[in-house]
Amino acid sequence: MRALIHPAFGDPERVLHVEDRPLPEPAAGQVRLRILLSPIHNHDLWTVRGTYGFKPELPAPSGTEALGVVDALGEGVDHLTVGQRVATGGTFGAWAEYIVADAAGLVPVPDAVPNEVAAQLVSMPFSTITLLDFLGAREGDWIVQNAANGAVGRMLAQLGAARGVNVLGLVRRSAGVEELREQGIDRIVATDQDDWQAQAEAITGGARIVAGVDSVGGAASGQVLSLLAEGGTLVAFGAMDSPTMEIASSDVIFKQATVKGFWGSKVIPALDQATRGSLFGELFQRLGDGTLTLPVAGIFDAADIADAVRASNTPGRVGKVLLRF
């Protein structure tokens with residue numbers, strides 16, 4: 001079978017290549033999946049570079065999320081059937097023609113959900129809706145996020161609106177405001193404008209902003225914190241620009257702010273089954289009624305991984321880049 005492997009850490013365009021690997025066999029409690037589509041996430045590329053919180057042994061497989069068809073059942077698996085479509089968001093090595101995965105962690109995909117949507121269902125959408133719960137925002141509350149034009153930013157705005165939570169978004173380019181408006185997302189401020197903080201206050205009407213999400217790092221972390229109300233919470237979700245958060249100690253002290261991190265790999269496994277089921281049910285509902293959209297920027301064959309990575313890194317990209325196996 002074909003699999004994307006990297007023998008060293010480095011630029012994904014250079015180090016990732018297709019290799020032939022043995023067909024894996026499912027152990028007890030596992031299934032083998034024939035992979036249909038798999039998205040490229042930032043954390044996948046960071047892992048290949050060796051800069052993520054998880055560092056695999058080399059040579060290493062790659063990818064973490066995929067849509068697959070059950071191809072073989074391991075001993076004791078009786079709730080899934082061969083030929084059934086399932087999604088996985090936590091199986092390392094997902095960029096391959098076949099993978100084995102723990103059956104308990106797979107999400108059956110309803111027939112009405114297209115492959116392109118199902119392939120990106122778990123990691124980002126489920127992390128986003130879990131993040132929204134993690135923030136503790138209630139109907140009518142205001143929250144703020146940077147990287148509002150990223151995949152998580154778009155989903156958080158959509159899911160927040162569906163729950164009645166007001167979401168103020170920050171982008172770094174003025175063009176990003178119009179790009180999001182064209183997608184039906186407003187309440188966006190570009191921080192390259194000198195009066196961006198005044199614009200933010202005008203949008204919120206001076207309302208308290210109870211929580212903020214920082215996906216960028218560097219000075220952008222301090223921008224989010226500067227908008228929070230007293231007692232607000234700043235959540236570090238990502239570090240697209242810098243691994244260091246630059247925040248003013250005066251904001252932390254005088255706002256009595258809380259700063260904490262969110263890592264889906266830690267938070268999601270700790271959810272009880274009832275909560276997981278409820279959140280997935282809400283995701284399917286939002287996808288069904290159109291309040292949540294998961295666009296696709298392009299689909300590439302695994303052999304064209306360098307082109308796919310370049311497409312994924314394109315500024316202003318709308319939607320995920322998917323790999324086909």
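Predicted model: local features only at pLDDT ≥ 70, side-chain atom pairs only at ≥ 80, totals over all residues.
**Entry 1**
I looked up an open sheet of three strands and found the order S2-S1-S4, with antiparallel pairing. Next I asked which strands lie at the edges. They are S2 (17-20) and S4 (60-61), and each of them pairs on one side only. I then followed strand S1, residues 2-6, to S4: the two pair in the antiparallel sense over two bridges. For Ile-5, I found that the bridge partner in S4 is Pro-61.

**Entry 2: two helices**
I turned to helix H4 (residues 122-135) and helix H5 (residues 151-163). Their axes come within 9 Å and cross at roughly 50 degrees, which makes H4 oblique to H5. Is the crossing of H4 and H5 left-handed or right-handed? I noted it as right-handed. I also listed who makes the contact: from H4, Met-124, Pro-125, Thr-128, Ile-129, Leu-132 and Asp-133, and from H5, Val-152, Met-155, Leu-156, Leu-159, Gly-160 and Arg-163. Sorted by kind, the residues of this contact are eight nonpolar, two polar and two charged.

**Entry 3: aromatic rings**
My count of aromatic pairs came to six. I picked one to look at, Tyr-52 with Trp-263, and found an edge-to-face pair, with 6.0 Å centre to centre and 90 degrees between the planes. Where do the two residues lie? Tyr-52 is in the loop between helix H2 (42-49) and S4, while Trp-263 is in the loop between strand S14 (258-261) and helix H10 (264-267), so the pair ties together parts 211 residues apart in sequence.

Technical notes:
Residues numbered from 1 in each chain as written. Heavy atoms only, no water. Pairing = 2+ DSSP bridges. Helix = DSSP H or I, 4+ residues; strand = E, 2+ residues; numbered from the N terminus. Axes fitted to C-alpha atoms, helices over the stretch in contact; angles between N-to-C directions. Parallel < 35°, antiparallel > 145°, perpendicular 65-115°, else oblique. Left-handed = near helix turned anticlockwise from the far one by under 90°. Contact = heavy atoms within 4.5 Å. Nonpolar A, V, L, I, M, F, W, Y, C, P; charged D, E, K, R; others polar. Phe/Tyr/Trp six-rings, centres within 6.5 Å; stacked < 30°, edge-to-face > 60°.
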